[in-house]
Amino acid sequence: MNRRILGLALPNIVTNITVPLLGMVDMAIVGHLSGAHVSAIVVGGSIFNLIYWNFGFLRMGTSGLTAQAFGAERWKESLKILLQACTIALVIALLIISMQWPIAEASKVIFRSDPSNGPGVMDLALTYFFVRVWAAPATLGLYAIKGWFIGMQDSKTPMWIAIALNCVNILASLFFVMVLKWDIFGVALGTVIANYAGLALGIGFLRRKLRRDDHLSSYRLINLTTLQEALHWEEMRRFFKVNGDVFLRTVCLSAVFTFITAASGRISENIRAVDGILMMFFTLFSYIMDGFAYAGESLVGRHIGARQLRHLKLAVRLLIVWGLALTVVFTGIYAAFGEQILHIFTDKEEVIAAAGDYMTWVLVIPVCGFAAFLFDGIFIGATATRTMRNAMFVATGAFFSVYYGLKYFMGAEGDEYLWNNVLWTAFIIFLTLRGLLQALRVRKDIYAQVK
């Protein structure tokens, strides 16, 4: 089982490491231009997190449903799930593009900062947004395609897509910024080009899979009858039921992360830049841990679909062991090399010096966050999404209660250092509760499905 977990997790880890590289490369490129550019990338990235995270069900729900169809050897159903996800992705992407101006206006309100900082940061952030928004069809389409491959127990294909996408992004962004001097516009354009290159590659892999897989070769990806069947209300009902819970869960998640960016900007632009860089430590850990969570989606869905309780319990137990091991490794790396990692993202000494005051929170993130990532994958694979949703509701309520409660009773608003520590305290409690509440429901919501 360990070999199977690693066979799925390692390609997912490579894939997930490349996902934050989109933001990290953008941050590294503009981090050497000015502090305003750093804040602008933080804001611009948060706008897209707010948008795209809400539609993360296109990947998560697709992988869980597909994995169960795979385990039960329902091959036509797996194709219908892919068609459902791709159709919904296209519709949502077109809506995002059509609503880009209202989204921009709302972003000005959500991410407003101290007026004394001037309009420069938001102007740069919106320049980034108005270019990158045109990548929406490619971005959401890739969510669906990657989720389907993961559900089909194939984590290597998403890995190659992600590697190719990020290579294009790095080369294009560096060329546009360093050679053509297109500033933040060039960074955004490089991301757009990279996403469409990734989508084209993903479609190519899909066509090859459908031709070569013995179980799928009798079907066509573009088949009117199959598409009509997939989009029939009875077929869509389960897809919407599972993904409705994931959507609500993700709305809460994006609300918390968007609030963190907005709240840090209200403290000061320097703190927003600091917190944006510190969150890169969280992002790096979360995407690597999600490699094992994605393995959990594949294996848990497969064993539930095949009704294999013993294999299901073993997979869950070993995933937790791997999560604890990674927690020890990352805590050690962050403790030993935290300052060196900071210098990768920016050479602005004032930002690095300010970040040093909050590095303790970076060490706490792996310890308090690993369970949340792993159990998300386990519950998605089991399509036990109601528990995920409810745990997120409670954790989100705790986050805002702790933040506003401590801020009020400690009089933090007048003290920049104290105020930001209140924000990080609320975030760590949020992470801890997510994992704890799901851990308490594993026996009832996961194992009971196979008994």
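Reply: The side chains of Lys 108 and Glu 105 meet in a salt bridge, at 3.2 Å from N to O. A salt bridge here is a side-chain nitrogen of Lys or Arg within 4 Å of a carboxyl oxygen of Asp or Glu. Side chains of opposite charge can pair when their charged atoms come close. This is a predicted model, so local features need pLDDT of at least 70 and side-chain atom pairs count only at pLDDT 80 or more, while totals for chains, interfaces and linings use all residues. Residues are numbered from 1 along each chain as its sequence is written, and side-chain values use heavy atoms, with hydrogens and water left out.

Back to the pair. Lys 108 and Glu 105 are three residues apart in helix H5 (residues 100-110), so about one helical turn separates them. Helices (H or I, at least four residues) and strands (E, at least two) are DSSP runs, numbered from the N terminus. Lys 108 is partly exposed, with a relative accessible area of 38%. Glu 105 is also partly exposed, at 42%. The cut-offs are these: buried means under 20% relative accessible area, exposed means over 50%, and partly exposed lies in between (1.4 Å probe, protein chains only).

A search of the whole structure finds seven salt bridges. Another of them joins Glu 77 and Arg 74, at 2.5 Å from N to O. Glu 77 is partly exposed at 23% relative accessibility. Arg 74 falls in that class too, at 36%.

Now the pair formed by Asp 376 and Arg 249. Their side chains meet in a salt bridge at 2.5 Å, N to O. Asp 376 lies in helix H15 (residues 359-381) and Arg 249 in helix H11 (residues 233-267), so this pair ties together parts that are 127 residues apart in sequence. Both Asp 376 and Arg 249 are buried. Salt bridges that share partners join Arg 249, Asp 376 and Arg 434 into one network.

Arg 207, Arg 208, Arg 211 and Arg 212 form a positive surface patch. Patches are made of residues with over 30% relative accessible area and no salt bridge; like charges are joined within 9 Å, and nonpolar side chains (Val, Leu, Ile, Met, Phe, Trp, Tyr) within 5 Å. Accessible areas come from the Shrake-Rupley method with a 1.4 Å probe, and for residues only the protein chains shown count as cover. Lys and Arg count as positive and Asp and Glu as negative, with His and the chain ends not counted. Each charge is placed at NZ of Lys, CZ of Arg, CG of Asp or CD of Glu. Arg 212 counts as exposed because its relative accessibility is 60%.

There is a nonpolar surface patch as well. Its area is about 610 Å², and its members are Leu 174, Phe 175, Met 178, Val 179, Leu 180, Trp 182 and Phe 185. H8 gives the largest share of this patch, four residues. Met 178 is found in helix H8. Met 178 is partly exposed, with a relative accessible area of 44%.

Two loop residues have backbone angles to check. Gln 153 has a phi near 65 degrees, a positive value in a residue other than glycine. Gln 153 sits in the loop between helix H7 (136-151) and helix H8 (156-179). At 17% relative accessibility, Gln 153 is buried. Thr 383 has a phi near 50 degrees, again positive in a residue other than glycine. The loop between H15 and helix H16 (385-409) holds Thr 383. Thr 383 counts as buried, at 18% relative accessibility.

Ser 39 belongs to helix H2 (residues 35-52). Ser 39 is buried, with a relative accessible area of 2%. Ser 39 and Arg 272 are 233 residues apart in sequence, and their C-alpha atoms are 6.5 Å apart in space. Met 60 is placed in helix H3 (residues 57-71). Met 60 is buried at 10% relative accessibility. Met 60 and Phe 247 are 187 residues apart along the chain, with 10.0 Å between their C-alpha atoms.

Last, the cysteines. The structure holds zero disulfides, a disulfide being a pair of cysteine sulfur atoms within 2.5 Å. Cys 86 is partly exposed, with a relative accessible area of 29%. Cys 252 is buried, at 13% relative accessibility.
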